[in-house]
Amino acid sequence: IFEGSKIKRNTPLISRKSKMDQNPNNPPQMSTVNVPCTYICGNCGAEVDIRADDAISCRSCSHRILYKKRARQPIQYEAR
């Protein structure tokens, strides 16, 4: 793109959207389903399923401190 300190005039700096992105019939890649996440109450220990639009509180004792439940399978990340 650069030749010394000058920019080539025929090279677009911003990529244009493809025809596939402009088609309104293509559904979005990310799903918009409101999936619940399981938490554990800090007071009574009950499992609480909370969605994105729900209030953060236990349904059985109304306690507001919830802990996220661990995943079933351990996940290992490689740090560099």
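Q: What makes the contact between the side chains of Arg 80 and Glu 78 a salt bridge?
A: In this predicted model, the N to O distance between the side chains of Arg 80 and Glu 78 is 3.7 Å. A salt bridge requires a side-chain nitrogen of Lys or Arg within 4 Å of a carboxyl oxygen of Asp or Glu, so the pair qualifies. Both Arg 80 and Glu 78 are exposed.

Q: How many salt bridges are counted by this rule?
A: The count is three. Among them are the pair Asp 54 and Arg 59, at 3.2 Å from N to O, and the pair Lys 69 and Glu 47, at 2.8 Å from N to O.

Q: Why can the pair of Lys 69 and Glu 47 be said to tie together parts that are apart in sequence?
A: Glu 47 belongs to strand 4 (residues 47-50), whereas Lys 69 lies in the segment after strand 5 (66-68), so their pairing ties together parts that are 22 residues apart in sequence.

Q: Why is Glu 47 called exposed?
A: Glu 47 has a relative accessible area of 54%, and exposed means over 50%, so the label applies.

Q: What makes Lys 69 partly exposed?
A: The relative accessibility of Lys 69 is 39%. Buried means under 20% and exposed means over 50%; the value for Lys 69 therefore falls in between.

Q: How do you know which labels apply to Asp 54 and Arg 59?
A: Asp 54 has a relative accessible area of 28%, between the limits of 20% and 50%, and is therefore partly exposed. Arg 59, with 54%, passes the limit of 50% and is therefore exposed.

Q: Is Tyr 39 buried or partly exposed?
A: Tyr 39, which lies in strand 3 (residues 37-41), has a relative accessible area of 23%. Buried would require a value under 20%, so Tyr 39 is partly exposed.

Q: Which residues does Tyr 39 touch, not counting residues up to four places away in sequence?
A: A contact requires heavy atoms within 4.5 Å. With that exclusion, Tyr 39 touches Ala 46, Glu 47, Val 48, Ile 50, Leu 66, Tyr 67, Lys 68 and Lys 69.

Q: Which residues line the largest pocket, and of what class are they?
A: The lining consists of Cys 37, Thr 38, Lys 68, Lys 69, Arg 70, Ala 71 and Arg 72. By class, two of these are nonpolar, one is polar and four are charged. The volume of this pocket is about 190 Å³.

Q: How many helices and strands does the protein have, and in what order do they run?
A: The protein has one helix and five strands, which run β-β-α-β-β-β from the N terminus on.

Q: What share of the 80 residues counts as buried?
A: Buried residues, those under 20% relative accessible area, make up 6% of the 80 residues.

Technical notes: Residues numbered from 1 in each chain as written. Predicted model: local features only at pLDDT ≥ 70, side-chain atom pairs only at ≥ 80, totals over all residues. Heavy atoms only, no water. Helix = DSSP H or I, 4+ residues; strand = E, 2+ residues; numbered from the N terminus. Buried < 20%, exposed > 50% of the residue type's maximum accessible area, 1.4 Å probe, protein only. 1 Å grid on protein atoms, 1.4 Å probe; cavity = no way out; pocket = protein on both sides within 12 Å on 5 of 7 lines; lining within 4 Å. Points joined across faces, edges and corners; volume = space filled by probe spheres on them. Nonpolar A, V, L, I, M, F, W, Y, C, P; charged D, E, K, R; others polar.
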